[in-house]
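Dear colleague,

I am passing a structure on to you for your studies.

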Amino acid sequence: MTADNQLDVWEVFMQSKPGANYIHAGSIHASDKQMALQNARDTYSRRGEGTSIWVVPSSAIVASNPEDNGMFFDPANDKIYRHPTFYVMPEGAKAI
Amino acid sequence: MTQQQALYKYSLRLGDNALILSARLSEWCSNAPFLEEDLALTNMALDLIGRAQAMLKYAGEVDGNGKTEDDLAYRRSEREYYNNLIMELPNGDFAYTMVRQLFVSTFELFFFEELQKSTDATLAAIGAKTLKEVKYHHLHAKDWVIRLGDGTAESNRRVQQAVNQLWMYTGELFEMDGTDALLMKDGIAVNAEHLKMGWIQMVTQILALANIELPADGYMQTGSRMGIHTEHLGHILSEMQYLQRAYPDATW
Amino acid sequence: MEQAQETLLREFEEKIECGFAIEPKDKMPAGYRKHLVRQMSQHAHSEVIGMQPEGNWVTRAPSLRAKQILLAKIQDEGGHGLYLYSAAETLGVSRDELIEQLHTGKAKYSNIFNYPALSWADIGAIGWLVDGAAIVNQVSLQRTSYGPYSRAMVRICKEESFHQRQGYEIMAKMMAGTADQKAMAQDAMNRWWWPSLMMFGPHDSDSPHTGDAFRWKIKRHSNDELRQKFIDKTVQQAEVIGLTIPDKDLKWNEEKKCYDHGEINWEEFYRVIGGDGPCNKQRMEHHIRVHNEGAWVREAAEAYSAKQQYSKNA
């Protein structure tokens, strides 16, 4: 008996309308790129949810580690000068 | 035969093709090789029911006796059905179903490309909508036939067997009778005979990519234009029409 | 070591307490992971096995519209199974393993699908009662603590919204129809009511696993709470279309502002779970047969893909 398989896992990203961000919709199984695209279409755009699809093999996704959250993300928290509200504008100035 | 009668029969034929193939494809529901393909087959079945609805509704309108699409689907008997025989053949294995999808969707690719130019506005509109659906059915079937043909020895054998078995039912797709001739004069119907070369070329190319041999020319089964079917259609209809026939006064 | 475990558990539970979602790579106690895999896979299997009783009527749907609706609904169930398998896979178990657990009987699916769909009215009853009961549970699960599970549930709830309505529409149509249709509808009601109530599981007092599931916010409401919610909203719907609920003890409790109901036949519940329901063997045989029949297709797809890779690299 051969080992059974359910094909590889792919991640599906959908764009809801032209110009919008691609958002993770979920996963599907497929053995090749064409099948992955078609399975994504048949699974995630049954209600007209999308105008464009990306599929990516799950194995190609690199995710950050929660243990690294401190060094990865906390240092950005005090860089308030990156936000427009940090700056004091003179009274009466318009369109800035 | 008047033009009205011809148009009625022509729309019925197109409706029946969609209806009966949808019946077969929907039998795959909860029976597909894996979950994603189950969804894909159902999507195609749903496209086909939609097409059957539109075509049969139009047939009812042309007929002018107040028959709805459901009356036509659920109250006609075997001899009054005009779908091509290939649509009603039992599903067989997944290879058989995909090869049928390839043969039919390749034909329909050419057919609806032409029908969308029909001088009959309704047929043209249905044709244009259907063409988009059929392009996807064709892509899906083509990819699967190549995948299976060029997959394992077993899958290749199954595809070859399906091609050999289904081949004799492909001739009927291009058949024309008085109905077609009458409607073609006014640019309503498609000249199906003209589509044959394109079909053969495309199918040959795809089967070559799939390492599948084309069967030799042989006898082509026929009969559906006169409502003469295989034994299988009766069983599809007796299941499909069971409630409507058993409870004729009920609405559902 | 033990202390490290305890610290981990404490930190985890604090996180849950603050309402943070847990994501696949987060540290989590083994028990949490185990509970989730069990619950998500059971949920996924239920969706997939649930395709069978409804699939039984696909070829006999009485109108083109009815057939479209039914197919679209069963397809949704397949899709939902797929979303839930994917959510379970984020915890490192493959769909292969999950299906194998189903086939060996290690994993369960909802008991309700071990009952047969005998008439067209059963399709109405399944949509209205079975999906109605499932939705009560699923709405509550949208806020479950595990991120991938919660996201799957949000999508599922959005898609499910038509399922119950289509079932109720079938029942309403039949109750407004001929005497035969009314009889079919009431018969379906009589057969599906009690199994639907059983879908929420044993009484809270008899329910294992509940403690951890609550503390970890996998489960947000108790079996009895959810069951009560379902009964309270369904009784009125039955009355509107003239169906009788087959429970002579059912009556409005003015003090508690909810319905009191008769006792569920727990003997039947445990018997069917134990394998002796009307369709247990049929459902499992169907799933195993389809799985085996599809093996050559999946193998061929893998083989084709491997050849493509090879020729690209050559």
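Predicted model: local features only at pLDDT ≥ 70, side-chain atom pairs only at ≥ 80, totals over all residues.

Residues are numbered from 1 along each chain as its sequence is written, chains are lettered from A and ligands numbered from 1 in the order in which they are written, and side-chain values use heavy atoms, with hydrogens and water left out.

Chains C and B

In this interface, 45 residues of chain C are in contact with 48 residues of chain B, where contact means heavy atoms within 4.5 Å. The two chains bury about 4000 Å² between them, and carbon and sulfur atoms give 67% of that area. Buried area here is the accessible area (1.4 Å probe) that two parts lose on being put together, summed over both. L64(C), Q75(C) and W296(C) supply 20% of what chain C buries against chain B, more than any other three residues.

There are two salt bridges between chain C and chain B; the term stands for a side-chain nitrogen of Lys or Arg within 4 Å of a carboxyl oxygen of Asp or Glu. R95(C) and E36(B) meet in a salt bridge, at 2.7 Å from N to O. On the side of chain C that touches chain B, the largest share, 13 residues, comes from α4(C). Helices (H or I, at least four residues) and strands (E, at least two) are DSSP runs, numbered from the N terminus.

Chains A and C

Here 25 residues of chain A are in contact with 25 residues of chain C. About 2100 Å² is buried between them, 42% of it on carbon and sulfur atoms. The rule finds four salt bridges across this interface. R47(A) forms a salt bridge with E159(C), the closest N and O atoms being 3.7 Å apart. β1 (8–15), β2 (22–30) and α1 (33–44) of chain A each supply at least two residues of the side that touches chain C.

The strands of chain A

Six of the eight residues of β1(A) are buried, that is, under 20% relative accessible area (1.4 Å probe, protein chains only). β1(A) pairs with β2(A) in the antiparallel sense over eight bridges; two strands pair if DSSP finds at least two bridges between them. V12(A) has G26(A) in β2(A) as its bridge partner. The hairpin of these strands has six residues between them, and G19(A) takes a positive phi near 95° in it. β1(A) is also joined to β3 (residues 52–57) of chain A, by six antiparallel bridges, with Q15(A) opposite S52(A).

A buried serine in chain B

S105(B) lies in helix α5 (residues 94–115) of chain B. Because its relative accessibility is 2%, S105(B) counts as buried. The side chain of S105(B) reaches the backbone oxygen of Q101(B) at 2.6 Å. Apart from its neighbours within four places in sequence, S105(B) is in contact with V134(B), H137(B), H138(B) and A141(B).

With kind regards

Definitions and conventions
Buried < 20%, exposed > 50% of the residue type's maximum accessible area, 1.4 Å probe, protein only. Polar contact = N/O pair within 3.5 Å; in protein donor to acceptor, adjacent residues only side chain to side chain.
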